[in-house]
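Here is a short briefing on a protein model. Look through the sequence and the structure before reading the points below.

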Amino acid sequence: MRRLASWRDANRVDIPATGASGARPTVAVATPGSTPGLTEVQQDPFTTMANDRHVSLSNCCGESKSPYVRSHIDNPTAWQLWSPETLQLAKRTNRLLFVSIGYSACHWCHVMAHESFDDPRIAQLLNENFIPIKIDREERPDIDRQYMDFLQATSGGGGWPLNVFVTPELEPVFGGTYWPGPKSERAQMGGSFEQILIKVAQMWRDQEDRIRSSGKQIATQLKEFAQEGTLGTRTDGRTSEGEDGLELDLLDEAYQHYKGRFDEKYGGFGGAPKFPTPVHLKALLRFGSHNQTVRDIVGDDEIGHSRHMTIKTLECMAKGGIRDQIGHGFARYSVTRDWSLPHFEKMLYDNAQLLPLFLDAYHVTKSDLMLEMVHDVAKYLTEKPMQSDLGGFHASEDADSEPTAKDDHKKEGAFYVWSMDEFKEILSEEEAKVCSKYWNVLPEGNVERRFDHQGEMVGKNTLCVSYEVSELAEELGMGAEDVKRLIESGRSKLLDYRDKNRPRPALDDKIVTAWNGLAIGGLARCSAALSTVAPEQSKAYLEAAHRAVTCMKNNLFDETNSTLRRVYREGPGQTHGFADDYAFLISGLIDLYEATFDSQWLEFAERLQKTQIALFWDEAKFGFFSTPADQPDILVRTKDAMDNAEPSTNGVSAQNLFRLSSLFNDETYQKMAKRTVKAFEVEIGQHPGLFSGMMSSVVSSHLGMKGLMIVGEGDAAEAALRKVYENVKPNYTVLRVGGGANSDWLRSCNDLLKNVDGSKQMVQLCEGTSCKLLEAKDVDGLFQE
């Protein structure tokens, strides 16, 4: 584990400020939503504090393909791009770099851009004393991570915009998130961005040696504490092969971790702000779908409560303001504990993970609400604006937009919030009566002032389901079907009004390889699972997944060397793919194979897997680095195994290797999968709840994978396919020969399949070195043992 907390106080980077009394208070690193504790800082007594090595900078944002970076093109701040030329410029002029990292859908990034980077005084200070660099974190997650690690280590918090002062050698010395601009009311509380710039520039001018020394110490300690995936080794540096390592009891410990944090009233974990955390919910929901050995260890009551925590959370989210109740899709997180007030940005990676999670929940509960959410999220992904004309999925939609086409000032959530007057204007009297109660729309608005920092939602309402239809019908003395009809007609009218009268939030139309891999996998699984209950939608979801893979192959994959690019926008980006790009796309391709039994997708996955191993595998201590070995512009080469908003690279990679080992009958991949898990055994053993994505691989390391082979056509084969698509099945793979499957490539690389007669029906379940044939009557017991 990265021991961030223990480092915080010992390595705090302070900027001394001389007040009128001669005292020397300090500036602490800013935490999200706060300002540093700088007090009584004098205004600078000179116009500029620039280094003697003068350089005239101009804004270079127009040279970037990133919508986020380009949105700063009109700033007077002379933004540079992160490039070898810019880094060399910092060395040549001996200036600190001011590195500002954000993303298009980030509300506070836009606030700081307006308050500070558009301000002439701030621009002057930045341009004359620093090399200001603007970075899209979605293009360069490696740079974002190394400086976010620094911020978390020194402040205990993090977030975006991420702003860091960095030496010409790329060593961070001081950082924070949002700092208020000169005209902001928040600046009156002290610690404004202007004051910080003045003091940092003065310190670099007067005490450069001290700052450089501090930066070197920080860089050294970042390397020391970025030890994920290097501790589970023997003294000779090689991971032990013959020891069991992690025990299955870890699953119960992970359950206890979330049990202690579960919000029984509103679902989710902890208080506000509250995030969906789909990777953790997925693990909790799947505990009961493992075999009897695992269920005995976790316990029946614990499995029941794990499912309860997941379903409760998903139900509350589905009814909350975090869901777009008029359109489709989910926002990134909720500002409030009850999911009522979101930060309104919608991210591809969130919705792509929620899609298969709602599908798992539907399999477990057969709930109409869970099925409705499957279709809701799938429609969001596969319709405009999220799916591009190229077939790939766009990155995100912004939180802010103009309330009407006549407005020129954007407001947070303007596209999604409503007033009671609008309900009365748009809806019939009967619809307004029913819909306002159903979604808790109040004349005075339902957003508490303490959460409305900008004062932009006075009199506005987020839409949250406040009644079951039957309860509302009883209260209003109406029939349930009539209430349901009025809600649906009201929703349709509100959607039509919104589409015609409100400008849609800005779209970040980058196509990010990793996130597309998540979406491909979710859509493929949904297509297969819903092929009988919703055939038209199933076909549309599969077609969307096919189009996305085609986009990846045509625009982000290099056939000559089997490598990926990170993003596509106006052509492939310059940044090469990271380990997560390979891991997530490989996972999606395996899902697509199991939905279609077309082995061309496994062939593509196999090519990518070989490249991922060649570029990112740690041959000494195992596991996958996030970045390739030859990358020159990062301080620390780290491994990622803890799950956050996205699943961890090594968690997904380990599961990919186990799945491919089963499908290909390949012991080498199985050994690499086990070594990946074992590389993180110390960290997982200490905090299993932070490694939810590794739990299935911990089980596979002990109990192996189960492989289901379905051959030919007949009652048993059809029954087996239905079982496959109707159940949650962790640690299983499914392959098919015959029955219309395109299995030629798979049969060529799996010796066990070469002599299988695809015209003769057979269902076979293999585990370890033993296999058994299943009759039609045996198929009913699949996934229930």
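**Sheet, helix pair and domains**

Strand β7 and strand β8 (residues 394-397) run antiparallel and are joined by two bridges. Strands pair if DSSP finds at least two bridges between them. This is a predicted model: local features need pLDDT of at least 70, side-chain atom pairs count only at pLDDT 80 or more, and totals for chains, interfaces and linings use all residues. Residues are numbered from 1 along each chain as its sequence is written, and side-chain values use heavy atoms, without hydrogens and water.

**Sheet**
- M347 has S396 in β8 as its bridge partner.
- The open sheet has four strands, ordered β7-β8-β11-β14, with antiparallel pairing.
- β7 (346-347) and β14 (567-568) are the edges; each has a single partner strand, so one side of each lacks a neighbour in the sheet.
- Strands (E, at least two residues) and helices (H or I, at least four) are DSSP runs, numbered from the N terminus.

**Helix pair**
- The axes of α13 (residues 348-365) and α19 (residues 513-529) come within 8 Å and cross at roughly 25°.
- Axes are lines fitted to C-alpha atoms over the stretch in contact, with angles from 0 to 180 degrees between N-to-C directions.
- α13 is therefore roughly parallel to α19 (angles under 35 degrees).
- In α13, residues including L348, Y349 and L359 meet residues of α19, among them W515, L518 and L523 (contact means heavy atoms within 4.5 Å).

**Domains**
- The protein is divided into domain 1 (55-229), domain 2 (247-387), domain 3 (416-501), domain 4 (511-702) and domain 5 (705-784), with bounds from an automatic or database assignment.
- The C-alpha centres of domain 3 and domain 4 are 41 Å apart.

Note on methods
Angles under 35 degrees count as roughly parallel, over 145 as roughly antiparallel, 65 to 115 as roughly perpendicular and the rest as oblique.
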